[in-house]
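Have the 3D view ready and follow along.

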Amino acid sequence: MSKRKEEATVYSQEMLTDGIYSLWIETSMASQAKAGQFIGVFTGDGTKLLARPISICDVKSDENLLRMVYRVSGGGTDLISKLKKGDKVSVIGVLGNGYEKAACGYNEESSNCELIPLNKSLEGKKVIVIGGGIGIPPMLLAAKSLQCEKVMVLGYANKNTFLKDEFDKLGQVYISTDDGSLGTKGTVIDAIKENGVSGDVIFACGPMPMLRGIKAYAKEHGMKAYISLEERMACGVGACLGCVTKTVNKDHHTHVNNTRICVEGPVFDSEVVDI
Amino acid sequence: MNTKVTIAGVELKNPVMTASGTFGSGQEFSEMTDLNKLGAVVTKGVSSVPWPGNPTPRIAEVYGGMLNAIGLQNPGIDVFIERDIPFLQDYSCKKIVNVCGKTVEEYLAVVERLNDQPIDMMEINVSCPNVKEGALAFGQDARVLEDVTKKIKAVAKKPIIMKLSPNVTNIKEMGLAAEAGGANAVSLINTLMGMKIDINRKKFVLANKTGGFSGPAVKPVAVRMVYDVAHTVKIPVIGMGGIATAEDAIEFMMAGATAISVGTMNFVDPETTSKIADGIEQFMKDKGIEDINDIIGCVE
C-alpha cells in the first residue's frame with residue numbers, strides 16, 4: 001500500500017457539464033484506491049509545480065482504471081482538462097485515509113488498532129451519502145463501496161447536474177439546488193428534512209458551510225458523520241504541515257490540535273474536527 | 001571517484017541533503033525514496049514545546065515556486081526525541097536536526113536536550129519569515145546573530161550550522177557574524193518573504209498575509225548569495241534555494257557550497273534527492289572529475 005509517484009496514461013476525458021470534467025487514467029494505483037482517498041495530479045508545467053489534490057470518483061481495479069471528476073478552477077486544472085487519451089500524466093498516490101479507515105477509528109500510528117472492514121462495521125445500518133458541488137464525485141465510489149442500506153442526497157448549484165444518473169443506479173437519490181431549478185430549493189439539509197430522509201450514519205463531502213451544517217445535524221440527531229475536508233496542499237504526504245485542520249483534542253502527530261488533512265484525513269469523524 | 005564531503009568533521013557520503021521543513025522527519029518520505037542514498041537528512045524545525053503554527057491557508061502556489069506560512073508547527077523536543085530521532089537510526093545518512101525558538105533560552109533548551117542524542121549536527125533556524133517573535137529577528141541583525149551563535153556554541157556539543165535568511169541588506173555580513181560567533185557552518189538561503197493576493201476576492205491568499213517564497217524561481221538569487229558568502233567566510237557553506245536537478249546542485253557547489261539541500265522539489269518528485277545524487281556521479285564520470293571536492297567554489 002505504499003505511496004508513490006508514477007506516470008499514468010490517460011484512458012479517456014470528457015466534459016460532463018460546464019467546467020466539470022471526468023478523467024479516467026490507467027494506473028496501478030487503481031487496485032489500492034479506496035473511497036474518500038485522493039490522488040495528486042501534476043500539471044507537467046514547470047511554472048505550476050504542485051500536485052492538484054483530486055478525489056477518487058471511481059475505480060475499475062481489474063482494468064487498472066481510476067476516475068477523477070473535478071472542476072476547472074484555475075490554470076493547473078485547466079491544463080489537466082486538456083489531457084487526451086494516450087497522454088501521460090504524473091500522479092502521486094494513493095493519498096489520504098478514506099471513509100473506511102475514518103469510520104473504523106483507524107489511524108496510522110496506532111498499531112494495535114485493527115481495521116474492521118467497513119461493510120462489517122456497518123452491517124444492518126443505513127448510511128446517508130451526501131455530496132455537495134465538487135464534493136459529489138468521491139461519494140460515487142463511497143456509495144458503490146457500501147453494501148448496507150443507503151440513500152443519497154446531492155446538492156448542486158442548479159439543474160445542470162453531473163453524475164446524477166450514476167447515483168440513480170445505486171438507490172434512492174434526493175437533490176437540492178441553490179436556485180430551486182431541480183429538487184429541493186436550498187441545502188442538502190433542507191432536502192433531508194423535506195423528504196424525511198433518515199439513517200444511522202452520514203458520509204459526506206462538500207463545501208465547508210455544508211459540512212458545518214452536517215456536523216450540527218448529526219450532533220442534533222445523535223448520528224455519526226464522516227466528513228471529507230479540503231485545504232491547500234503542498235507535499236500531500238504529511239511532511240510539510242501545510243494542510244491542517246483544527247481538532248477538538250490534541251492531534252497525534254504534533255499534539256497541538258492541528259491535524260494533517262492529507263494523512264490523518266481527508267475524512268474525519270465530525271466530532272473530532274473543530275470546523 | 002569520491003563523492004564524500006566533510007562539514008565540521010562530519011563526513012557525508014555525498015553532498016545531497018534535504019532542506020528543513022520539506023522532508024518532515026524523514027519518515028514521511030521514507031516509503032517513496034531511499035534515505036540511505038542521502039548525504040544527510042535535515043529534519044523539520046523543533047522547538048522546546050509544541051508549536052501550533054499559523055492559521056490556514058498556509059500554502060500558495062506562485063509562478064515557478066510556492067509560498068508557505070506554516071509557522072513551524074512541531075510537536076516539541078520531547079516527542080521529537082522519543083519518536084523521530086529513533087526512526088532515523090535505521091538509516092546510514094547523517095542526521096541534522098533543525099532547531100527553532102522564540103527566545104535565546106528556547107534555542108538553548110533544545111540544543112541542550114539534543115546534545116546527548118544520536119545525531120550528527122544541529123542547524124539553527126534564525127531565519128523563518130513566518131514566526132512573529134524571535135526566529136527571523138535573530139537572523140536580520142549581524143550583532144544579534146553573532147551573539148546568539150556564541151550563546152548556542154557555548155552549550156552545544158555537536159557542530160552548529162546557522163541557517164541564514166536572504167531577507168537582509170548584506171548577506172556577507174550575516175555570514176561573517178555567524179562565523180565570528182563560532183558557527184561550524186552556514187546554510188542558505190531560507191525562503192524569501194513574499195505575498196500573494198487573490199484579485200477576485202481582494203484578499204491575501206495566505207492567512208498569514210506573507211509567506212516564504214521557495215522553488216526553482218528563487219535559484220538565481222540563492223546561487224548569488226551562496227557565492228557571496230562562500231567567498232567571504234572560511235567555514236563551509238551549505239547551499240539551497242530552488243534546486244531541482246543535479247545540474248542545479250553542481251551550480252551551487254561551483255558557487256562555493258560544500259553540500260546542497262533540496263527543498264520544495266521534494267513535493268514535486270519525492271525522488272528528487274536520489275536522482276540528484278545519481279546525476280552528480282554521472283556528471284563526474286562525464287567530465288572525468290575524480291573528487292567532488294574539486295568542484296567546490298571552482299567558478300572562475
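## A walk through the model

Let's start in chain A, where strand β9 (residues 149-156) and strand β10 (residues 173-177) run parallel and are joined by five bridges. One pairing to look for is A:Gly155, whose bridge partner in β10(A) is A:Ser176.

Before going further, keep in mind that this is a predicted model. Its scores are ipTM 0.94 and pTM 0.95. For chain B, the average pLDDT is 96, and 99% of the residues score at least 70.

**The sheet in chain A**

Those two strands belong to an open sheet of seven strands in chain A, ordered β11-β10-β9-β8-β12-β13-β16, and the pairing is mixed. At the edges stand β11 (184-185) and β16 (267-269) of chain A; each has a single partner strand, so one side of each is left without a neighbour in the sheet.

Elsewhere in the sheet, β12(A) and β13(A) also pair in the parallel sense, over five bridges. Here A:Ile202 has A:Ala225 in β13(A) as its bridge partner.

Helix α7 (residues 208-220) of chain A lies across β8 (126-132), β9, β12 (201-205) and β13 (224-228) of chain A. The angle between this helix and β13(A) is about 170°.

**Backbone details to look up**

| Cis peptide bond | Omega |
|---|---|
| A:Gly93 and A:Val94 | about -5° |
| B:Thr56 and B:Pro57 | about 0° |

To find them, go to strand β7 (residues 88-95) of chain A for A:Val94, and to the loop between β4 (40-42) and β5 (59-62) of chain B for B:Pro57.

Chain A also has positive phi values in residues that aren't glycine. A:Leu241 has a phi near 60°, and it sits in the loop between β13 and β14 (244-246) of chain A. Is A:Leu241 buried or exposed? It has 29 C-beta neighbours inside 10 Å, so A:Leu241 counts as buried. A:Asn257 has a positive phi too, of about 65°. You'll find A:Asn257 in the loop between β14 and β15 (258-260) of chain A. This residue is partly exposed, because 17 other C-beta atoms lie within 10 Å.

**Helices in chain B**

The buried ones are B:Ala246, B:Asp248, B:Ala249, B:Ile250, B:Glu251, B:Phe252, B:Met253 and B:Ala255. What do they pack against? Their partners are β3 (16-18), α6, β15 (237-240), β16 (259-262) and α9 of chain B.

The axes of α7(B) and helix α9 (residues 272-287) of chain B come within 8 Å and cross at roughly 70°. That makes α7(B) roughly perpendicular to α9(B), and the crossing is right-handed. At this contact, B:Ala246, B:Ala249 and B:Ile250 from α7(B) meet B:Ile276, B:Gly279, B:Ile280 and B:Phe283 from α9(B).

With α6(B), the axes again come within 8 Å, but the crossing is at roughly 30°. That makes α6(B) roughly parallel to α7(B). On the α6(B) side, the residues in the contact are B:Lys219, B:Val223, B:Val226, B:Tyr227 and B:Ala230; on the α7(B) side they are B:Asp248, B:Glu251, B:Phe252 and B:Ala255. After α7(B) comes B:Gly256, with a positive phi near 130°.

One more helix to visit is α5 (residues 171-180) of chain B. Its buried residues are B:Ile171, B:Met174, B:Gly175, B:Ala177, B:Ala178 and B:Glu179. They pack against α4 (142-155), β9 (160-163), β10 (185-188) and α6 (219-230) of chain B. Just after α5(B), B:Gly182 has a positive phi of about 100°.

Technical notes: Residues numbered from 1 in each chain as written. Chains lettered and ligands numbered in written order. Predicted model: local features only at pLDDT ≥ 70, side-chain atom pairs only at ≥ 80, totals over all residues. pLDDT = per-residue confidence, 0-100. Pairing = 2+ DSSP bridges. Helix = DSSP H or I, 4+ residues; strand = E, 2+ residues; numbered from the N terminus. Contact = placed C-beta atoms within 7 Å. Axes fitted to C-alpha atoms, helices over the stretch in contact; angles between N-to-C directions. Buried ≥ 20, exposed ≤ 12 C-beta atoms within 10 Å, placed from the backbone. Parallel < 35°, antiparallel > 145°, perpendicular 65-115°, else oblique. Left-handed = near helix turned anticlockwise from the far one by under 90°.
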